[in-house]
Amino acid sequence: MTDILETGTAIGRPIRRKEDAKLLHGRTNWTDNIQLPGTVHMGLVRSPMAHARIAKVDLSAALAMPGVVGAYDAASLGDMNANVLCVWPVTDDTVMPPFPALTGDKVRHVGDVVAVVLATSATLAEDAIAAVEVEYEPLPAVVNMVDAVSPGSALVHDAAANNTSYVYNLGGGYDEATATADVVVKRRFVNQRIIAGYMEPRAVVAAPMGMSDEITVWSATQIPHVLRVVLSLSTGIPEQNLRIVAPDVGGGFGGKLQMYREEILALQLARKLGRPVKWNETRSEDMVASHHGRDQIQDLELAATKDGKLLGMKVDLLANMGAYLQIITPGTPLLGMFMFPAIYKMDAYQFRCTGVFTNTTPTDAIRGAGRPEATFAIERMMDELAAELGVDPMELRVKNWIQHHEFPFTTVAGLTYDTGNYEAATARALELFGMEELRAEQKARRDSGDPVQLGIGISTFTEMCGLAPSRTLGALKYAAGGWEHCTIRLLPTGKVELVTGTSPHGQGHETAWSQIASSILGIPIEDIDVIHSDTGRAPYGMDTYGSRSLAVGGQAIKKAADRVIENARPIAAHQLECAASDLEFRDGAFSVKGDPDKSVTLGALAWAAFSAHNLPDGIEPMIEGAATVDPEDFSYPHGTHLAAMEVDTETGKVRVRKYVCVDDVGNQVNPMIVEGQVHGGVAMGIGQALYEGVEYDADGNLLTASLADYLIPSAADLPSFITDRTVTPSTTHSLGTKGVGEAGAIASTPAIINGIVDALRPMGVTDVLMPASPQNVWRAIQAAKGASA
Amino acid sequence: MQHISVMVDGTRYDSDVEPRTLLVHWLRNDLGKVGTVVGCDTSNCGACTVLLDGRSVKSCSVLAVQADGCEVTTIQGLATGDDWHPVQTAFKECHGLQCGYCTPGMVMSAVDLLSENPSPTEDEIRDGLHGNLCRCTGYHNIVKSVQYAADLMGGSK
């Protein structure tokens, strides 16, 4: 294990962020701020229908408008109409229909793109969109997943029988292992569709760069490096001619982990017209055009002995793919596949997932990507089982979870968790929560028949993150690897350029990465410049998603920094006239062991390596260290989240009275940033539990088509959170860190719903549909009353 | 086209605008005040909030012509040069921002809130900022930032 967390000066401290000065003064470079001379604005003609044959596209009126410089449909764009690529065919026979940037034969969801117009201003492009005439022949819309896989359903794609993209199986032996079970709890949960909800809408600018063959694409994306590869593969543009820049990016949450058709179109049309093409979406456009997430129907069984020992779990999912497969659409539910057994010991686990096409916006990864769905399922099921057995839900968890002395532990799903201490996190959470007092209040309210009931929700979660060991990804048929790169260069003046392959969009990498490098190199944080998110300046990387940036990228920083020191060592030995092995490095300087007055700083060596007047034989000028690290394993953060929920049984309105979470993300580079990530994640998970949900009508019309209809929680809708961390360092990651970006969003949703159900269980309620709006809660109460009447 | 004359961040701008031009588009496209951003098209997110004669408005919901003769302050005019307004200082100190996209609007709303109520309670802060959406922070540290700014500005809780 590394000892830098003990010796480092900058690591582990809540250092205020470098990023903030420009963000707080409005000196920002969002993609929509980029205004190049000669820019034409792109507008997309989107389908108002969920499913229809395209009978005719007439571009002539649009082309005749002043200021319109081009208009194309699939036919006229011809072989430049490249495909959006899916890089994760999860089985050998996954049905992957083509997903052209402009659809030619049919439209398959509201917002599908039929034609593109280009005009000299954004408003003229808007007018031109309205002038394109499209004749549609409506087809039956496939909206509901259960109907979609039923015999006789209309088909979204002719090639996908039963609207099925794939069926994936894992594990088995459930029936045998549970033959002697005393209790089997069966539930169907709906994990509803949500949006990423980043505050910056997507935007793209593509521009041919003067006399060279280079085309630069600025995009509000999380994945500039991955995007460069897939755009090249899709369009045939030589990869070396593509430069992708993610300038300041205003949030992602998985929604910008994508190759979008708008990126293909802007690139191709910039090439075709030889001038910059710009597209920035409206928020309402984003609601139909950017991928959605979650959207599973989960049929679950959990079997146990009468003493509460878990025997096995069976999971059968319908996972909504939407109308097309985006970059990792089929794999997203499978990121949750290993997590249904979570922290619990059991004998058998059987998983099946059916990927279902529907006439809806494609789904893909959103914060947690498969793991929130799995965690919701198991944590809700543990509460249901506890109720069935008549035991305290925390006791049931304690009885079945992996104890801290049992790590490393290989779960029934086949993952090996390196470390964890569920007892410690839970003990701290219970202390902060005041469980006994709240249970007493709950009893008092029940006894007095208070219309406002109190419920306690528990979520003792873990997740797999830090995506990911490349071999594992390969075994799962994901096309790329999961490594991360860092190059650290000493500049002649002693300053440092740290080039990372991660691509931050709010996570504070510039600050945290500087802290890691500063701790190792002994160079002040302010002298370290972090370069990222531009394939021209930071050519190697796998970008930011899956809570991977620190867990994987951090290891690359450490290794690169260690190499800087090793590469500087022979120059130091030469200057100090000693053997390299006689040197020790501390606080930014080499000194001779036993003779600390004989020393030279890294900054001085940087100048010596630059001037190169007096280098030892065979040593090349300049000092840098580069490292590409493939992680040994996923990282497995965990934690205990507790929610006290007030539920008005007369109106269905709920309130988060108290929310406590104690997370264990291993060593923390910057606890302030860690805590911020937890806050935001918890809020997003509460959003899914209480407020958010994408809804379609039976014809596939999007009912939640703007932020007026889709409720992202405001400050007034959320409480303050009581947070703390326990620290159980990862043993498979060289900094001892684990991921944190998704943890809150994974953990909080079941805590909230468990709390609501706990409040209402005496009334006979065993589930509440999400979002648990007053209407949905009231309906659950009425249904339970009806059932008992 | 209609002529307008507006003081923006301390500088007077005279401009001919189409009557339908939104204030936010005039600020961004004509004046280059790109610190003020657009996050939605239904006046829900508040990212475009600026001060109009000292009071916060969503600049997507105001026509440029309505600002004629007025004084507009954007995030870029809140403090000049290397100076920091106490609200900006507080947001940095309390980690009240992550991606920073909602931040210009959030800060301007907080400035207005504190000018009306120098020592707000947590509930008053949450209520006062309910027109500004943030997806990153869960608002926890935004609330703390406003409380800290109130302290810096001499309000007491």
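Student: Leaving aside its neighbours within four places in sequence, which residues is A:Ala115 in contact with?

Tutor: Please keep in mind that this is a predicted model. Setting aside the neighbours within four places in sequence, A:Ala115 is in contact with A:Val45, A:Val57, A:Leu59, A:Ala71, A:Tyr72, A:Asp73, A:Leu102 and A:Val132.

Student: Which residues have the most contacts inside the largest nonpolar core?

Tutor: They are A:Ala115, A:Val117, A:Ala266, A:Ala517 and A:Ile756, and the core itself has 303 residues.

Student: And which helix gives the most to this core?

Tutor: That is helix H17 of chain A, residues 549–576, which gives twelve residues.

Student: Let me step back to chain A as a whole. How many helices and strands does it come to?

Tutor: Chain A has 21 helices and 28 strands. Its radius of gyration is 28 Å, close to the 28 Å from the globule rule for 789 residues, so chain A is as compact as a globular protein of that length. Along the principal axes, the C-alpha trace of chain A spans about 95 × 75 × 50 Å.

Student: What percentage of chain A is buried?

Tutor: Of the 789 residues in chain A, 59% are buried. As for its contacts with a separation of 6 or more, 80% are between residues 24 or more positions apart.

Student: How is chain A divided into domains?

Tutor: The domain assignment gives domain 1 as 4–28 + 483–629, domain 2 as 34–139 + 200–250 + 256–289, and domain 3 as 293–467 + 633–788.

Student: What separates the centres of domain 2 and domain 3 of chain A?

Tutor: Taken over C-alpha atoms, the centres of these two domains of chain A are 37 Å apart. Domain 2 of chain A brings 25 residues to the contact, and domain 3 of chain A brings 25 residues. On the side of domain 2 of chain A that touches domain 3 of chain A, 16 residues are nonpolar, six are polar and three are charged.

Student: A different spot now. Where is A:Asp392 found, please?

Tutor: A:Asp392 is in the loop between helix H11 (371–389) and helix H12 (393–400) of chain A.

Student: Why is A:Asp392 classed as partly exposed?

Tutor: A:Asp392 has 14 other C-beta atoms within 10 Å. A residue is buried at 20 or more and exposed at 12 or fewer, so a count in between is classed as partly exposed. The C-alpha atom of A:Asp392 is separated by 20 Å from that of A:Thr749, a residue 357 residues apart from A:Asp392 along the chain.

Student: On to chain B. What pattern does it follow along the sequence?

Tutor: The order in chain B is β-β-α-β-β-β-α-α-α-α, with five helices and five strands. The radius of gyration of chain B is 15 Å, close to the 15 Å that the globule rule gives for 157 residues, so chain B is as compact as a globular protein of that length. Its C-alpha trace spans about 50 × 30 × 25 Å along the principal axes, and 57% of the 157 residues of chain B count as buried.

Student: Which domains is chain B divided into?

Tutor: Chain B is divided into domain 1 (2–77) and domain 2 (86–152). The centres of these domains of chain B are separated by 21 Å, taken over C-alpha atoms. In the contact, 15 residues of domain 1 of chain B meet twelve residues of domain 2 of chain B. E3(B) gives the most to the side of domain 1 of chain B that touches domain 2 of chain B, with three residues.

Student: How many residues of chain A and of chain B are in contact?

Tutor: There are 40 residues of chain A in contact with 44 residues of chain B. H19(A) gives the most to the chain A side, with six residues. By class, the side of chain A that touches chain B has 18 nonpolar, 17 polar and five charged residues.

Student: Finally, what are the confidence scores of the model?

Tutor: The model has an ipTM of 0.98 and a pTM of 0.97. The average pLDDT of chain B is 96, and 99% of its residues score at least 70.

Conventions
Residues are numbered from 1 along each chain as its sequence is written. Chains are lettered from A and ligands numbered from 1 in the order in which they are written. This is a predicted model: local features need pLDDT of at least 70, side-chain atom pairs count only at pLDDT 80 or more; totals for chains, interfaces and linings use all residues. Domain bounds come from an automatic or database domain assignment. Two residues are in contact if their C-beta atoms, placed from the backbone, lie within 7 Å. Ala, Val, Leu, Ile, Met, Phe, Trp, Tyr, Cys and Pro count as nonpolar, Asp, Glu, Lys and Arg as charged, and the others, Gly among them, as polar. Helices (H or I, at least four residues) and strands (E, at least two) are DSSP runs, numbered from the N terminus. The radius of gyration is taken over C-alpha atoms; the globule rule is 2.2 Å times the number of residues to the power 0.38. A nonpolar core is a set of buried Ala, Val, Leu, Ile, Met, Phe, Trp, Tyr and Cys residues joined through C-beta atoms within 7 Å. pLDDT is the predictor's confidence in each residue, from 0 to 100.
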